[in-house]
Amino acid sequence: MLNIVLFGPPGAGKGTQSTKLIEKYKLVHLSTGDILRGEIAQGTALGLEAKKLMDQGILVPDAVVIGMIRNKLESNKQANGFIFDGFPRTDAQAQALDSLLEELNTSISMMLALKVDEEELTKRLLIRGKDSGRPDDSDESVIRKRIDVYNSQTLPLINYYSNQNKYYSVDGIGTVQEIF
Ligand code: AP5
Ligand code: MG
């Protein structure tokens, strides 16, 4: 199995590059952000709770997203592999992911970390915010908050994967095709 953690700050291009990678390598795309927005769109209790946090740019509880990933892994046992997009975001999530994959007799192959500076991230997200309907893209202070949360809670995961020799940095500036 090819299991990729596609890593990077908000607006780095994780979703954009996932679309191309899943097509080329026939992988299953697991984006916790997309799954959460699906719950919000369906008006579930989980979605309502998550929305309050997402609209402020803060993380939803580990147990919630780990449970989602567990369900998706269990229902896709025949997959060639997975792209984890926007997950894991904390140390607890990374450890939980390793144990879940171990139960399936597999493991993370690599972390691909997209590097994009803050100015470019903000620019991309504000542009998308004009017509995406994503409340967390429409307000510059929420975008800054998401970047702060990334820097303090998520960025340290680079150490987690680099300690396992699985960390690869990718320049995330340029055309979508060049980065791919
Ligand atoms: P999530 O949905 O994961 O959002 P994010 O990480 O903030 O990142 P985005 O999806 O906005 O960016 P992206 O890197 O996918 O870039 P994209 O390809 O879209 O999370 C949202 C919220 O959900 C979190 O804040 C949190 O509350 C919650 N959540 C999710 N997962 C969680 C977890 N594991 N634990 C706890 N909470 C969780 O590109 C961005 C824009 O740039 C697009 O408009 C795109 O067209 C454009 N673009 C892409 N590539 C390029 C390029 N090369 N040049 C120019 N523009 C480009
Ligand atoms: Mg995304």
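## A ligand and its shell

Helix α2 gives the most to the shell around ligand 1, with 4 residues. Helices here are DSSP runs of H or I with at least four residues, strands are runs of E with at least two, and both are numbered from the N terminus. This is a predicted model, in which local features need pLDDT of at least 70, side-chain atom pairs count only at pLDDT 80 or more, and totals for chains, interfaces and linings use all residues. Residues are numbered from 1 along each chain as written, chains are lettered from A and ligands numbered from 1 in written order, and side-chain values use heavy atoms, without hydrogens and water.

**Around ligand 1**

- Of the 30 residues around ligand 1, T16, I58, R89, R128 and R146 come nearest; a residue counts as near if one of its heavy atoms lies within 4 Å.
- By class, this shell has 13 nonpolar, 9 polar and 8 charged residues. Ala, Val, Leu, Ile, Met, Phe, Trp, Tyr, Cys and Pro count as nonpolar, Asp, Glu, Lys and Arg as charged, and the others, Gly among them, as polar.

**Polar contacts (pairs of N or O atoms within 3.5 Å)**

- The side chain of R128 has an N or O atom 2.6 Å from an oxygen atom of ligand 1.
- For I58, a backbone N or O atom lies 2.7 Å from an oxygen atom of ligand 1.
- R124 places a polar side-chain atom 3.4 Å from a nitrogen atom of ligand 1.
- Ligand 1 has 1000 Å² of accessible area on its own, and the protein covers 86% of that (Shrake-Rupley method, 1.4 Å probe).
- Elements that give two or more residues to the shell are α1 (14-25), α2 (32-42), α6 (118-129) and α10 (176-179).

**The end of α10**

- F180 lies in the segment after α10.
- F180 counts as partly exposed because its relative accessibility is 35%; buried means under 20%, exposed over 50%, and partly exposed in between (1.4 Å probe, protein chains only).
- F180 and T16 are 164 residues apart in sequence, yet 9.3 Å apart in space, C-alpha to C-alpha.

**Backbone details to look for**

- Most residues other than glycine have a negative phi, and most peptide bonds are trans.
- A cis peptide bond, with omega about -5°, joins F87 and P88, and P88 sits in the loop between β3 (81-85) and α5 (91-103).
- K26, in the loop between α1 and β2 (28-31), has a positive phi near 55°. K26 counts as exposed because its relative accessibility is 56%.
- N105, in the loop between α5 and β4 (110-115), has a positive phi of about 60°. At 74% relative accessibility, N105 counts as exposed.

Definitions and conventions:
A polar contact is a pair of N or O atoms within 3.5 Å; within protein, one must be able to donate a hydrogen and the other to accept it, and residues adjacent in sequence count only if both atoms are side-chain atoms.
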